[in-house]
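Good morning, and thank you for coming. Today I would like to speak about aromatic rings and the groups around them. Please look at the structure with me.

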Amino acid sequence: MMPETATFEMHPNLRKFLSAQPKRLWIGGKWVEARSGKSFETCNPATGDALARVAEADRADVEEAVRAARKATEGPWSSLSPSERGKLLYRIAELLEKHAEELAQLESLDNGKTIREAQKGDLPLAVDLFRYYAGWPTKIHGETIPVSVPYLPGARFFHYTVREPVGVVGAIIPWNFPLLMAAERIAPALACGNTVILKPAEQTPLSALRLGEILEEAGLPEGVCNILPGFGPTAGRALAEHPGVDKITFTGSTEVGREIVKASAGNLKRISLELGGKSPNIVFADADLELAVKGMFMGIFYNQGQCCSAGSRVFVEKSCFDALLEKMVERAKTVRQGPGLDPKTQMGPLVSQEQLDRVAGYVESGKKEGAQLLCGGVRGEGALSKGYFFKPTVFAGVRDEMRIAQEEIFGPVATVLPFESFEEVVQRANGTAYGLVAGVWTQDIKRALRLAQVLQAGTVWINCYHFVDAAAPWGGYKQSGYGREKGQYAIDLYTQIKSVWVDLN
Ligand code: NAI
Ligand code: MG
């Protein structure tokens, strides 16, 4: 589908996209300036240089978008048959696939991730989400239920349920997988017949805007999807508070997750939250250790560690702890960092100065609390010093109660912790406020499955890590959020059920 190696040669469509600035908001099928006339810059994190100027949505634009999205729930969209809706989603998948290389380059430029990860991960997964949900509109149906009324013995009723769209869905998404997160929300929301207002993260608004062009090209009726780049406390908050929004789907920090819950209270809008993690990746001495080291490494360093599912607490059984730690450090020291678009780059920059500062701050706190820094711990030097590069970092000598072992760092920082027994590691693995994912490495199938039973996590990976699929549910236990995106579970998030009684007496 995509070429094996990318070159620095910028895709002509991307050149064209970037040259048309400032980028505008997409509201009611039109590309418009922000009401306030304000705009902001998005930068290339590999250099810190401005990449594009983007219209900045605020409350007034949200207002407009809600009106457009509401109107669209009653327009041609509502009379499109499920089969036609499926076809439209399929067309979007095809177009995304057609433009995959250009979008992968854009994603790499705006977010910093390597072009290889964008080509092999973000893009095919985003395409697949549309293709997967294209099959759903024709399969969303209700049930008939054999009801009875206790004080009317022998009375007969016909009862059925219908699944209806929730209405206007607000999607607030982060910057770590910008296009993928957009697809993960838009595809199921549209499959269920809703309309959408998407607020991409202020750090990475560009692929969402390009996606808007593709939705337009696919023939999505006006107002069915609206795209409003802007900041969290202004545009994001206005969306979360708006009484005309029926549901918010949010991915981001636990802190903002709580804000969303509060903001939703006015009209009691439905919410699903996909928040952070501090996930355990547990390696037993009987595992295939070569594979396990790769899993430990990729688990924490994929996407520069900016994954909600990062395996940031690596638990290694004591008997092989020293050997695996050494391999991990050796590997971390040889990672080639550089701009994401350079095909030789193995790790790109962090997304922003803010994120760089956060990560550096956590490294300092780890050192202060007495953890042992084995490699990394500093930002990139020389040619990399202009961008937001941070060297792959490994800590040992970490105690479970240290901040670096409890809080989400969201950067390339691994804490590697030894353990001795099954019971001990389960207790420690479950010992944070989070519960998003867990990794388990062992050849003992009973042990693996017993762990899968007792780990408090929304996803457990056995002898693998970071695998995701459009059909597999995604979401967290505990403070990693609630609701399950993807698969058939997302159909529950984006529909509401009507219960209909018919008296047959
Ligand atoms: P954030 O949670 O502030 O931002 C995520 C999204 O929420 C963005 O679109 C932002 O504009 C929006 N937002 C921010 N404040 C809002 C508000 N009051 N109302 C409505 N929307 C709001 O995340 P940020 O500041 O970019 O990163 C901070 C930390 O959050 C990271 O270091 C990481 O630990 C965590 N995070 C987790 C993610 C995940 O995938 N679970 C993704 C991004 C960040
Ligand atoms: Mg924030």
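I begin with a charge over a ring: Arg131 lies over the face of Tyr90, 5.5 Å from the ring centre. Please keep in mind that this is a predicted model.

Where do Phe297 and Phe301 lie? Both belong to helix α11, four residues apart, which is about one turn of the helix. Phe297 counts as buried because its relative accessible area, 12%, is under 20%. Phe301 is buried as well, with a relative accessible area of 5%.

Let us now turn to the structure as a whole, where a search finds 10 aromatic pairs. One of them joins Phe284 and Phe419 edge-to-face, 5.1 Å centre to centre, with 80° between the planes. Why does this pair tie together parts that are 135 residues apart in sequence? Phe284 lies in the loop between β11 (280–283) and α11 (289–301), whereas Phe419 lies in strand β15 (residues 413–419), so their pairing links these separate parts. Are Phe284 and Phe419 buried or exposed? Both residues are buried.

Finally, I draw your attention to a group of rings: Trp461, Tyr465 and Trp474 form one aromatic cluster.

Notes:
Residues are numbered from 1 along each chain as its sequence is written. Chains are lettered from A and ligands numbered from 1 in the order in which they are written. This is a predicted model: local features need pLDDT of at least 70, side-chain atom pairs count only at pLDDT 80 or more; totals for chains, interfaces and linings use all residues. Side-chain values use heavy atoms; hydrogens and water are left out. Rings of Phe, Tyr and Trp (its six-membered ring) pair if their centres lie within 6.5 Å; planes under 30 degrees apart count as stacked, over 60 as edge-to-face and the rest as tilted. Helices (H or I, at least four residues) and strands (E, at least two) are DSSP runs, numbered from the N terminus. Buried means under 20% relative accessible area, exposed over 50%, partly exposed in between (1.4 Å probe, protein chains only). A charge sits over a ring if NZ of Lys or CZ of Arg is within 6 Å of the ring centre and within 35 degrees of the ring normal.
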